[in-house]
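Reader: Please take me through the terms used for this model. I would like each one set against its cut-off.

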Amino acid sequence: GDHQETVPVEGVAGGGTAYGWSDTGVNDPRPLRGAIDPTKVSSLELLNVWCMPNSANVGPQDMPRELEPISLLAARNERESIQIAIRPKVSWGGSGIAGTVQVQCTDLCSPCGARLVVGQSLTLRRVVPVLGVPDALVPLDMPVCQLNLFPGETTVIWISVDVPSEQTPGHYEGEIIISSTKSEAESTSQSLTKVEKHQLYRELRDCLDVVEPLEGRPSEEVVERVKSATSSLRRVLLSPSLADFFSDNGPIDMMEEDAVSSLSIRLKISLTVWDFVLPVTPSVPAVIGISDTVIEDRFGVEHGTNEWFELLDQHFKWLLQYRISPYFCRWGNGMRVLTYTSPWPADHPKSDEYFSDPRLAAYAVPNGPIVPCGDTAKDYLRREVEILRTKNHWKKAYFYLWDEPLNIEQYNGIRSMASEIHAYAPDARILTTYYCGPSDAPLASNNFEAFLKVPEFLRPHTQIYCTSEWVIGNREDLAKDIIAEIQTENGEEWWTYVCLGPGDPHPNWHLGMRGTQHRAVMWRVWKEGGTGFLYWGANCYEKATVPSAEIKFRRGLPPGDGVLFYPGQVFSSSQQPVASLRLERLLSGLQDIEYLKLYASRFGRDESLNLLEKTGMYQGPERYTSEHTPIDIMRGEVYRTCRS
């Protein structure tokens with residue numbers, strides 16, 4: 001027939017404003033009917049699949065978009081990530097789920113034979129909401145995993161590609177294969193029993209025992225052993241457990257498997273690896289605090305025990321992959337802090353291992369014993385400094401003694417402790433975080449002028465002046481006033497930090513902020529000219545006494561403040577920490593700095609700032625992109641102009 005086009009009609013089929021449709025007869029020629037067997041229906045009929053950039057927050061209620069091929073650019077020693085969203089069109093599963101999908105990755109291969117291997121360079125993680133906001137990245141099995149989908153919900157997979165420093169530059173391609181499958185409950189009846197599995201395992205193990213010790217054996221014995229192994233393997237292949245794969249005419253071909261895979265959604269990944277190698281040591285130190293007391297409480301370990309050292313070691317090594325320089329911290333009275341990067345004394349081999357690691361840009365030295373050792377604080381400090389000053393890595397060292405002093409007593413406390421340290425090491429660097437001058441002894445007639453006078457007041461008892469971005473607000477010109485007070489010619493530095501402030505729309509790492517807002521924290525550092533960055537805590541959630549306890553953010557703080565990763569036990573049986581999206585975006589921001597620094601080395605710092613502005617990526621703390629495209633344009637321009 002002669003069908004008319006569908007026309008939306010306002011006010012029809014409901015009160016207020018609604019749409020009514022006439023039946024146009026434009027239907028799928030083969031509509032889904034009755035019970036659905038996912039192994040016999042194209043996955044495209046059952047699933048919506050689309051890709052999103054790593055700066056997007058994709059939640060359970062996000063609606064489908066067009067599926068487009070994935071095209072990525074990465075330097076060597078860089079991590080680049082992308083998101084794949086999956087939403088069921090219909091339900092084919094049971095027990096409250098829409099259905100089950102299988103996700104499989106292939107290696108990324110180049111025409112010259114180089115490859116990025118699944119499970120090593122290519123990893124998959126599931127995006128799990130925290131307080132309803134996509135944030136936790138829970139590892140998935142590789143190279144094949146299964147996911148349960150739920151009706152009316154979007155499931156998101158975070159795919160990361162880690163390019164090794166020695167990777168051959170070139171064009172790499174691979175696939176993500178998504179197949180709708182039967183649920184585990186439906187498949188259980190078809191799987192092997194435990195007895196059958198054990199029998200197969202024993203047969204294969206016996207076969208391996210026969211052929212493994214062949215080296216150096218006489219040729220006659222080798223022949224006999226191979227015959228025995230061949231007989232064992234034939235017996236396994238002809239066993240009833242594998243009867244489905246063998247017929248009287250020989251092995252069944254793989255046509256059936258090919259038919260299933262032809263029903264899958266095959267998503268191509270294209271990656272260009274270019275010749276730039278991100279420096280192993282980050283150009284801008286990002287020092288991030290880890291509360292040792294939170295670890296002690298949640299994991300039930302006693303301070304100073306072997307288990308305690310092992311947990312701190314695990315956290316330190318895991319966090320290095322994010323180009324940050326971790327330090328452990330313990331809070332005292334009046335915001336005094338004991339900070340240390342290595343829990344071992346300076347003369348312990350582990351401390352030298354930590355401090356010599358090229359991935360570590362800066363390390364905190366404690367001004368007293370971490371674990372009781374019988375020494376006085378002064379004796380401990382003197383011995384630590386005497387040892388560390390002989391090392392090449394001493395230039396990375398800093399002392400962080402007090403967080404945000406507020407009055408003259410606290411400022412004088414810093415001056416006193418710093419004097420003690422400088423008596424043993426005149427070249428030691430003291431870091432002080434602050435957002436105001438002493439309230440009870442004004443340094444100037446107004447608050448900002450008093451804030452600007454802090455370096456003069458603390459000199460020579462501080463070398464790294466670390467100020468809150470909240471003070472600057474949206475007045476970037478104030479950064480120049482701060483820098484003007486810093487005596488860089490005498491080795492002084494200006495670092496910055498964020499915490500509960502600044503708030504929206506300024507860059508920060510609070511839960512629920514836009515992805516580009518998270519990433520822009522480091523863009524701001526580059527534009528303002530800071531030479532380092534500090535964040536007060538990465539695991540500072542509310543106290544709990546079991547590892548798997550629900551994560552609760554601290555009362556009085558914006559959600560996400562002080563938390564950049566989660567205990568793995570909250571989400572699975574894994575002992576490894578689970579990264580947040582915000583931690584991944586911190587890494588992306590630090591990598592962006594390396595791109596901008598490369599560009600500045602070729603064309604000057606002013607041109608790197610012009611690049612930020614002309615791409616629309618970052619102009620100021622209230623004027624930066626909310627879309628991902630300007631990021632790709634900036635990175636693409638650096639690639640185009642700076643590649644060999």
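**Terms and values**

Author: Of the contacts in the chain (heavy atoms within 4.5 Å) between residues at least 6 apart in sequence, 72% join residues at least 24 apart. The model is predicted, with local features needing pLDDT of at least 70 and side-chain atom pairs pLDDT 80 or more, while totals for chains, interfaces and linings use all residues. Residues are numbered from 1 along each chain as its sequence is written, and side-chain values use heavy atoms, with hydrogens and water left out.

Reader: Why is Thr496 called buried?

Author: Buried means under 20% relative accessible area, with a 1.4 Å probe and protein chains only. Thr496 has 1% relative accessibility, so Thr496 counts as buried. In the chain, 49% of the 644 residues are buried.

Reader: Where does Thr496 lie, and which residues does Thr496 touch?

Author: Thr496 is in strand β22, residues 493-498; a strand is a DSSP run of E, at least two residues, and a helix one of H or I, at least four. Leaving out residues up to four places away in sequence, Thr496 touches Cys466, Thr467, Glu469, Val525, Gly532, Phe533 and Leu534.

Reader: Why are α16 and α17 called oblique to each other?

Author: Helix α16 (residues 581-603) and helix α17 (residues 605-614) pack at about 130 degrees. Angles under 35 degrees count as roughly parallel, over 145 as roughly antiparallel, 65 to 115 as roughly perpendicular and the rest as oblique. The pair α16 and α17 is therefore oblique.

Reader: What makes the contact between α16 and α17?

Author: Leu596, Tyr599, Ala600 and Phe603 of α16 meet Arg605, Glu607, Ser608, Leu611, Leu612 and Lys614 of α17.

Definitions and conventions: Axes fitted to C-alpha atoms, helices over the stretch in contact; angles between N-to-C directions. Buried < 20%, exposed > 50% of the residue type's maximum accessible area, 1.4 Å probe, protein only.
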